[in-house]
2 protein chains.
Amino acid sequence: MREYYHSELDEVVNQLVTMSDSVQVAVRGATNSLLSASLVDAEHVISGDVRVDAMHDQLETQCFNLLARQAPVAGELRIIVAATQVIADLGRIGDLAAHVAETARRRYPDKAVPEILEDSFHRMSEVGEAMIGKAGRTLADRNLEEARSLVDDDDEIDRLRSDQFRALVSPEWTYGVEKAVDTALLGRYYERIADHAVAMGRRIIYIITGDAPEGENWPTT
Amino acid sequence: MREYYHSELDEVVNQLVTMSDSVQVAVRGATNSLLSASLVDAEHVISGDVRVDAMHDQLETQCFNLLARQAPVAGELRIIVAATQVIADLGRIGDLAAHVAETARRRYPDKAVPEILEDSFHRMSEVGEAMIGKAGRTLADRNLEEARSLVDDDDEIDRLRSDQFRALVSPEWTYGVEKAVDTALLGRYYERIADHAVAMGRRIIYIITGDAPEGENWPTT
């Protein structure tokens, strides 16, 4: 029974890695839909979010059943509790990718983001995707250093977002109010995607060490 | 021992109600800072968020200890697991209230929101505060009907937000890009506050009935 339990816990961790791969792909697809005004990509991400939500619900139930079936000991309990939080983070990243794709769809055939900010959004997405990948991998191989480096990655996201704000309110902004509002909200979505990856890192450090890192660089959600 | 355990669980629920009161007050204070350009209110909400975060961390630890100390039976386990999620929702509402207050502080002594939208934000806050209060109360008195009505409250928030968007992109918008961006992001913060209240309602229904309501009106976070 004990061994069966262990393999079920491993199975949950494996499925979390699969889920993190799925949302990483969703973020990439959403950014593609945004920067190429691709309706196909946008629809694909939006309909795919239903599958991410289903994974979320299924994994949440599995964690609950693991808790209910028998009293897990300290280390296992920590993994299960942290896993339920990581599931929530991944679910939210999927939702945020869908928000990006919805914005792209709303503006199609136009592009939601002006050309001068395309590189900035491309880079934001690239860093965000890498962060999700890193968080997913550290979950599987328990690499503390990688988990800790997520805070530095997040600094680049914050810098990119500040640059975007400066562009929006500069006198050279000639793209009007609607594009400014889209840009600001899109920047917020990517910022939150990165925040959730950092939160995942925090929970993984907690799984490994038993202590959660603290301080304002480590958002709880 | 069993009775001691029960009273500790009641204690967690009581503290959750206290925490929901605190974030309700924070949302009110944040809206006041925004609509009255009150620096004192803004600072109060921003510094108060540290206390909300401390409550979050302390309650999260308490729930973990309850899980670790002994294997809770089905109904209790459900309460503890749902409680950890409600704690996360309340923590996020606190963060979002702080974001509203930070925007007010950034624009001080100007007002971030143009006068024509003050009523709209006032109403958004009023509905949001009522939703948090309702979610907190249903947690204590397990009132299913109140929890279910949170979805209808959320519809009003969505309508208000649509109206705000229409105002932003109308030709009568003469307040420039910066105010448009502030307004769009502020609307997003209030929308998320309401989403978290709905999610709390969902988890409370789960505590009471053992089944989580489904469908897109019931966000998981």
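How many nonpolar, polar and charged residues does the lining of the second largest cavity have? By class, that lining has 3 nonpolar, 3 polar and 1 charged residues, where Ala, Val, Leu, Ile, Met, Phe, Trp, Tyr, Cys and Pro count as nonpolar, Asp, Glu, Lys and Arg as charged, and the others, Gly among them, as polar. This is a predicted model, in which local features need pLDDT of at least 70 and side-chain atom pairs count only at pLDDT 80 or more, while totals for chains, interfaces and linings use all residues. Residues are numbered from 1 along each chain as its sequence is written, chains are lettered from A and ligands numbered from 1 in the order in which they are written, and side-chain values use heavy atoms, with hydrogens and water left out.

**Cavities**

- The count comes to 3 cavities of 30 Å³ or more, a cavity being a set of points, on a 1 Å grid over the protein atoms alone, where a 1.4 Å probe fits but cannot get out.
- The second largest cavity has a volume of about 40 Å³, the volume being the space filled by probe spheres set on the points, which are joined across faces, edges and corners.
- Its lining (residues with an atom within 4 Å of a point) consists of Arg161(A), Gln164(A), Phe165(A), Leu168(A), Thr183(A), Ala184(A) and Gly187(A).
- Helix 5 (144-169) and helix 6 (176-209) of chain A each supply at least two residues of this lining, and helix 5 of chain A gives the most, with 4 residues; helices here are DSSP runs (H or I, at least four residues), numbered from the N terminus.

**Where chain B meets chain A**

- In this interface 34 residues of chain B are in contact (heavy atoms within 4.5 Å) with 33 residues of chain A.
- The area buried between chain B and chain A is about 2700 Å², of which carbon and sulfur atoms give 66%; buried area is the accessible area (1.4 Å probe) that two parts lose on being put together, summed over both.
- On the side of chain B that touches chain A, helix 2 (39-69), helix 3 (74-107), helix 5 (144-169) and helix 6 (176-209) of chain B each supply at least two residues, and the largest share, 11 residues, comes from helix 6 of chain B.
- The residues of that side of chain B divide into 19 nonpolar, 6 polar and 9 charged.

**Salt bridges**

- Side chains of opposite charge can pair when their charged atoms come close.
- Over all chains the structure holds 34 salt bridges, each a side-chain nitrogen of Lys or Arg within 4 Å of a carboxyl oxygen of Asp or Glu, yet the count between chain B and chain A is 0.
- One salt bridge joins Arg92(A) and Asp95(A), with the closest N and O atoms 3.3 Å apart, and both residues lie in helix 3 of chain A, 3 residues apart, about one turn of the helix.

**Backbone features**

- Most residues other than glycine have a negative phi, and most peptide bonds are trans.
- A cis peptide bond joins Tyr108(A) and Pro109(A), with omega about 5 degrees, and Pro109(A) is found in the loop between helix 3 and helix 4 (118-141) of chain A.
- Ala37(A), although not a glycine, has a positive phi of about 45 degrees, and Ala37(A) is found in the loop between helix 1 (2-35) and helix 2 (39-69) of chain A.

How values were computed
1 Å grid on protein atoms, 1.4 Å probe; cavity = no way out; pocket = protein on both sides within 12 Å on 5 of 7 lines; lining within 4 Å.
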